[in-house]
Amino acid sequence: MEPSPSLSPSAPSSGGDPGRVGPYTVLARCRESAGAVQYVARDGDGARAVVTVPRPELAGLPAFRRRFVAEYRLAELLAGRWVPQPLGIGEGDAAGDGEGPGLWTATAYVPALTLGEAVALAGPLPEKTVRVLGAGLAESLSRVHATGTVLHGLAPDTVLLAADGPRLTAFGALGAAAAAEARPGGQLSVRLGYLTPEQAAGEEPGPPADVFVLGLLLAYAATGTAPLPDASDIATAEPDLTAVPEALRPVIAECLAKAPGARPTASRVATALALEGAASLARPGWLPDRVVTAIGERDSRTAWLKAPAGRAPQDRVPDPGPRPEQPSPAAPAEASTAAAPAPAPGEGLDARTVRVGRVGPQRASGDRGTTELVAARPPAPPAPPAPPASAAPAPAPAPRAAAPVSRRALFTGIGAGLAGAVLGGGVVALASGGEEPPAPKPAARRRPAVPGLPPEPRWAYTHEATPGGVLNATVWRERTLVLTSDAHTTAVDLATGERLWRAAGSGSPAAALPAGDGLLLVVTATELRWLSAKDGTVAHRAPHGTGGLAVSSVAGQAGTTVWFTATAGAATRLVAYDAVRRKELWRAPVPAGRPPHTPVYAVVAVRPDGVVVRQDAESVTPAQRKAAKGLAVFTSYDRVTGARQWFRPFGTALPTAPAVGDASGRLFVPVGDDLHAYDTRSRALLWRLEGAAAVAGAPPFVFGGGALHDTTLYVADRFQTVYAVDPATGRPRWQRGTEAPPRPKVPAVTVGAGGRLVLAADGTQVTAFGAADGRRLWKFQDAGVREPGGRETSAPYTALAAGPRTVLVRRDRTFYALPVG
């Protein structure tokens, strides 16, 4: 949440700085923002950190504290490649405990310059630098938007340029505030230093607002000036991108589209700027030499800082050299708060009310409200650090005179001639304590003009909620999406997304199954039903109870054979059934399971001579668990007669471990940090693929279940790496990361497009790889998807193969058809 280790000097301390903050010894001030003061500090081991302490006049406000903590929690969620590692938070009372402030956060120290400092020092940045900067920021934004959150954290002084890539350091309105103040009644006013067209029009911004500001930042980085110099231009004018490198112009222009729905998603921007990911380009040489030298000088001087003896630290972080006097970025806005009159109605943009979206993942009552455009002077541009002695002086740019600030510009917070430090637009005030604004709606998608971006969905279909909340999906003959819920079965045309038919009363807890001759088999609560795939009419019925059996779940299907779990009184059977001839083939007794759970058996592998199944872990009885010594037990049945061939554990595989087998007799299952392959006949370990070590408290497996296609096993791990593995030897043919954050749940892997694509789906996105070489092709997200009724959803993404020309992406009850032919 804090614009942490930029280490740009601030005004001299006026005293009263803490000597210690939590476990950190404070060394010097490094920066002051509108809402907080930042210090360079050391922990007990001498490692440097940046500690952020709220201003005393704000720290006691409940709204401020909620936002401050929420932004830190979002930073924790995003910590990784382009976000400095949060180290801790103190959430004590506002008065502190006598040893230091009661509310503070700490993040890892990163040697860096802010974007504003780098541009002031080196002028417009090279195309490669802008490309890496934009891709890194867009990758972080896409992760924020996947939660339905608007970041509001982009500004020249909240983005760092480090030797190994950019860093995002603000995770909400507080971190990027141009001004923050307490108001009567315990309200908090936070003013942002930019404006977007939708805010100028009085609309509430959603995730596309962040993309617009990203476009402003990239244009500023590439040219050294703002492409839209004032609020009026932001609302009505086209951006001046003539100085932007030609290769960057299309994607920046799309980001700066006036209509939110015409802007690309953050993930599309990331892919357009760096198809292989920002990390692939963030190598030595991505920054101009002058910026690299300045970073090194500042870092070496900071490394020598020591805690002042016997007094609170009043030093500043050393700068690479002298610099001209500049006002603090927050000072002008704060100074103008009392003096500036409220805008009068009828004065165009100046009088409009704007809304600011959510600033963090936590929802707290009384924490947000409508906001108004206020009369505030714009923040001053970031001051350029002087070049170090070792760096060759760069030609000084010609001075640019500041235009007079008109009354209109004063009200909207725009001053001409600020060299792009204010990214255009006004100061947006966020007044906390009122009613919560409505959540932003999902942005409409635009067909990409840049190769490598995700396919434009051919259609999107949202299925209504049903009382039981069950919804299963299957694809029939590459033509129809068939959805079974607890209330009915629905067919959707894969070509158009239009509903073809609905069979009321044919609800099922399991997915529909192809049953030959244009029929679908649906297991309802009372019978088996064969529905016409053309119109949903019932062609055949087979009531439960036939032969004393009642079907409880579907274990799997291969060809015309379906395997069911069925009960007969207190007994449980595994039943093989021919779905085309509508005839039972055999039934075999299986353990009944732990009450009240009806045991569910899943088919793990189908071989020419047998079918391998495993009981779900939830229904395993204590006696079964004891007999198996806590391990997973797999059972093989003869495909023709149903006779049990063998039952056994493999290695130390646990009952909850996902598993898949192939037709040759191999079983692939994760064990601890590794992926194991076993010969099911001899129980011998064939090979082991080593994975990254699991962390304490994480789920017991690093790898997930695999997907087999032809002669390759595709599998993912919890650290967002996808592998193509030779199933005979265990050697990876390729491995590639999704660039999504690590999550407890491993991405689900699907092979689609006739075997050409490997799709990794998790809670953040769907990432497509070329199956042959692992080349990352595109990432699909739809930030802000909501369940029926407007409630926010955190459902993960899943991918369904739908033939050689279509991939279906699902998130909760919404399905997207992506053309991939």
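This is a short walk through one protein structure, from its overall make-up to a few single residues. What you see is a predicted model.

I will start with the whole protein. It has 13 helices and 46 strands. Of its 821 residues, 57% are buried. If we take contacts between residues at least 6 apart in sequence, 58% of them join residues at least 24 apart.

The largest nonpolar core has 76 residues, and L115, L154 and I252 touch the most other members. Which element gives the most to this core? That is α6, with 11 residues. Setting aside neighbours within four places in sequence, I252 is in contact with G215, L218, A219, L241 and V244.

Helix α9, residues 266-273, is mostly covered, with 8 of its 8 residues buried.

Now to the strands, beginning with a hairpin. Strand β10, residues 177-183, is mostly covered, as 5 of its 7 residues are buried. It pairs with strand β11, residues 187-192, in the antiparallel sense over 6 bridges. R183 has Q187 in β11 as its bridge partner. There are 3 residues between the two strands, and in this hairpin G185 takes a positive phi near 80°.

Strand β30, residues 634-638, has 4 of its 5 residues buried, so the rest of the structure largely encloses it. On one pairing, β30 is joined to strand β29, residues 610-615, by 5 bridges, and the two run antiparallel. On another, 4 bridges join β30 to strand β31, residues 644-648, again antiparallel. The hairpin itself is made by β30 and β31, with 5 residues between them, and G642 in the turn has a positive phi of about 85°.

Then there is an open sheet of 4 strands, with antiparallel pairing, in the order β32-β33-β34-β35. Which strands stand at the edges? They are β32 (660-661) and β35 (685-689); each has a single partner strand, so one side of each is left without a neighbour in the sheet. Inside this order, β33 (residues 666-671) and β34 (residues 674-679) pair over 6 bridges. V671 has D674 in β34 as its bridge partner.

A few words on aromatic rings. Over the whole structure, a search finds 13 aromatic pairs. One aromatic cluster is formed by F634, W646, F650 and Y678. Charges also sit over rings in places. R582 lies over the face of W530, 5.8 Å from the ring centre. The charged end of R718 is over the ring of F719, at 6.0 Å from its centre.

Is D578 buried or exposed? D578 has a relative accessible area of 7%, and because the limit for buried is under 20%, D578 counts as buried. Its side chain reaches the backbone nitrogen of V580 at 2.9 Å. Leaving out neighbours within four places in sequence, D578 is in contact with T560, K583 and L585.

The other two residues are D710 and A753. D710 has phi near 55°, a positive value in a residue other than glycine. A753 also has phi near 55°, positive and again not in a glycine. D710 is in the loop between β36 (707-709) and β37 (712-716), while A753 is in the loop between β40 (748-752) and β41 (757-761). What is the relative accessibility of each? For D710 it is 70%, so D710 counts as exposed. For A753 it is 1%, so A753 counts as buried.

Note on methods. Residues are numbered from 1 along each chain as its sequence is written. Side-chain values use heavy atoms; hydrogens and water are left out. Buried means under 20% relative accessible area, exposed over 50%, partly exposed in between (1.4 Å probe, protein chains only). A polar contact is a pair of N or O atoms within 3.5 Å; within protein, one must be able to donate a hydrogen and the other to accept it, and residues adjacent in sequence count only if both atoms are side-chain atoms. Contact means heavy atoms within 4.5 Å. Two strands pair if DSSP finds at least two bridges between them. Rings of Phe, Tyr and Trp (its six-membered ring) pair if their centres lie within 6.5 Å; planes under 30 degrees apart count as stacked, over 60 as edge-to-face and the rest as tilted. A charge sits over a ring if NZ of Lys or CZ of Arg is within 6 Å of the ring centre and within 35 degrees of the ring normal. A nonpolar core is a set of buried Ala, Val, Leu, Ile, Met, Phe, Trp, Tyr and Cys residues joined through side-chain atoms within 4.5 Å.
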